[in-house]
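Visitor: I would like to go through the terms used for this model one by one. Please set each value against its cut-off.

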Amino acid sequence: MNRMLAVLSLVGMSCFGGEVVSAGLAPGEPEVTTYRVTANGKPVAIYRSMADDEYRQGYQESYYYFGSFDFSGECRVEVTSSVSLKNVQILPARFGLVPKVSSDGGKLEFVASKPFRISIERSGKEEALLLFGNALETDAPKAGDPGVVYFGPGQHKAGKIELTSNQTLYLAAGAVVNGAIVAKGDNITIRGRGILGGEAYPRFKGPSGWMLELRDGKNVVVKDIIVRNPWSWILVTAGCDGVLVDGVKIAGSRMINDDAIDLCNTKNVVIKNCFLRTRDDIIAIKGLGAGQGQACENIFIQDSEFWTDNANIYRIGFECDAKEMKNIRSKNIDVLHYSQYSGPQNFWSHAIFWLQPSGGMTLSDTHFEDFRIYCDGRDMMLLCAKMMLTSCHGKSYEVSGRVRNCSLKDIAVIGTQGEFRGQIHLSGRSSDEDVQGIRLENITYFGKRITLDSPCVEILKYVEGVEFK
């Protein structure tokens, strides 16, 4: 009998014997006491990020939290909280992580066997814990390797980090690097498990205009790093051809104008496996005149989690100094939270999908598929394709643009219905500034399919070829 118990005990231990790699908290970082996390019994360092706009009236400093570790095999994650977890929610559901909460509400645990990116929310989105379980890192460069700019564990006030062709920037786990990365050239890689921070700099007063500036490059990779507390736009590509953004986590929302990813005059892009939270737009596709007005085309976004506190999930257009924008595709995306409602009558309106080409530009072949939008009972526009006059670099456009052949497919709004209406607003401005060819297939709000006759659908002048399936 004792021998059998011993065997069973060893089997139970082996179930969670996978490898866990977790760097300690970087020196100088405040210790977080509201959450404690372990992975297979190993402590996971928890960092905090600012969660309010310090430049708006009545600002009150607030925080949310994040932690990251690498693992293989099965991993038992335990989260201890100073606030009850009895009403906890883990978003998104896509990773299948079902928490078991202790009877007193002080602790939860779940088992993971594959990488995940989640928000653990004990009382809504306030003071959420973002937790990232990554696959084990492979082929990491070492300090002193040729062509490698290396930041090891610890605090670094780096200022502007400039990269040129064939260089790699590596932020090791446990590194917190305050500064900006400016990469100009081809075959540049930015990677690692470390943190790029902007908290040392006031709004618009960083060592460079943007935190990660990728300019005029081919075959550029940004992989796995965490970015927090930006002072302006975060990851910006300008005049690039061939960009991979893989596994990047952004913990923004410190202030407005912190767009997560701005693709400006850039083509041949893949964005995947990313968790992006900001106060401003999540994905913004723009023409700022880079690359001699190069078209924004062949852009693929997939398998990611998005969260905006005060703007749009997608804003495509607005700045339109580009030859055209086309072949933009997004698939398998979870929208965890969206901002407050601002309707199409407002210049700075908000939507999950905002299509607004201007300056005579055509936006075409743009498709969104397999989205889950988590609703907390507040309203938000689902789709706005409204031709309107915008501006670029202080120059106001005299004409708007046109939309051709765009679609939404398998889009589900789930959660708490409350006041959610979910407008679908389509409007042109003239016969040459119009909307043509919009297909909406299997759009559901809380299980109810949306049709052409649904009260949320608004189709105004200069719109043709709208099809519901």
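**Terms and values**

Guide: Strand β19 (residues 218-223) and strand β22 (residues 241-246) pair in the parallel sense over 5 bridges. This is a predicted model: local features need pLDDT of at least 70, side-chain atom pairs need 80 or more, and totals for chains, interfaces and linings use all residues. Residues are numbered from 1 along each chain as its sequence is written, and side-chain values use heavy atoms, without hydrogens and water.

Visitor: What makes β19 and β22 a pair?

Guide: Two strands (DSSP E runs of at least two residues, numbered from the N terminus) pair if DSSP finds at least two bridges between them. β19 and β22 have 5 bridges, so they pair. Val222 has Val245 in β22 as its bridge partner. β22 is also joined by 5 bridges to β25 (residues 267-272), again parallel.

Visitor: Why is the pair of Tyr35 and Tyr65 called edge-to-face?

Guide: Rings of Phe, Tyr and Trp (its six-membered ring) pair if their centres lie within 6.5 Å; planes under 30 degrees apart are stacked, over 60 edge-to-face, the rest tilted. Here the centres are 5.8 Å apart and the planes at 65°, so the pair is edge-to-face. Tyr35 is in strand β2 and Tyr65 in strand β5, 30 residues apart. Both are buried (under 20% relative accessible area; exposed is over 50%, partly exposed in between; 1.4 Å probe, protein chains only).

Visitor: Why does the pair of Tyr314 and Phe368 get its label?

Guide: The centres are 5.0 Å apart and the planes at 70°, so this pair is edge-to-face. Both Tyr314 and Phe368 are buried.

Notes:
Helices (H or I, at least four residues) and strands (E, at least two) are DSSP runs, numbered from the N terminus.
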